[in-house]
Amino acid sequence: METETSPAVLLTPDQLAERLSVPVSWIREKTRERARVRDEDPLPVVRLGKYVRFRWNDIEAWLQRQS
C-alpha cells in the first residue's frame with residue numbers, strides 16, 4: 001500500500017504547496033511554460049493533460065540543488 005510519503009505518490013499543487021509552506025500561486029507560477037524557459041533548473045513536474053502533479057522524491061532532489 002502506498003502512503004502519502006511514498007515516492008510513487010503524485011502530489012497535487014495544493015498538496016505540494018502545503019508541504020513546502022508556500023502559496024499555491026507560487027507553485028502554479030513555477031509550472032508555467034515561461035518558468036521552464038526562464039529558470040535554469042525548473043520545478044520538476046509531471047504533466048497529465050491539463051493537470052500537473054509532482055513526485056516528492058523529484059521535489060526533494062530539486063530542493064537540494066537549490067541550496
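How many aromatic pairs does a search of the whole structure find? The search finds one aromatic pair, where rings of Phe, Tyr and Trp (its six-membered ring) pair if their centres lie within 6.5 Å.

This is a predicted model, in which local features need pLDDT of at least 70 and side-chain atom pairs count only at pLDDT 80 or more, while totals for chains, interfaces and linings use all residues. Residues are numbered from 1 along each chain as its sequence is written, and side-chain values use heavy atoms, with hydrogens and water left out.

I27 is part of helix α2, residues 24-31 (helices are DSSP runs of H or I, at least four residues, numbered from the N terminus). The relative accessible area of I27 is 0%, so I27 is buried (under 20%, with a 1.4 Å probe and protein chains only). Leaving aside residues up to four places away in sequence, I27 touches P13, L16, A17, L20, V22, L43 and F54 (contact means heavy atoms within 4.5 Å).

In the contact of the two helices, P13, D14, L16, A17 and L20 of α1 meet V24, W26 and I27 of α2. By class, this contact of α1 with α2 has seven nonpolar, no polar and one charged residues (Ala, Val, Leu, Ile, Met, Phe, Trp, Tyr, Cys and Pro count as nonpolar, Asp, Glu, Lys and Arg as charged, and the others, Gly among them, as polar).

Two separations are listed below.

| Pair | Distance |
|---|---|
| C-alpha atoms of I27 and P13 | 6.3 Å |
| Charged end of R19 and ring centre of W56 | 4.8 Å |

The charged end of R19 sits over the ring of W56 (CZ of Arg within 6 Å of the ring centre and within 35 degrees of the ring normal).

Note on methods:
Buried means under 20% relative accessible area, exposed over 50%, partly exposed in between (1.4 Å probe, protein chains only). Rings of Phe, Tyr and Trp (its six-membered ring) pair if their centres lie within 6.5 Å; planes under 30 degrees apart count as stacked, over 60 as edge-to-face and the rest as tilted.
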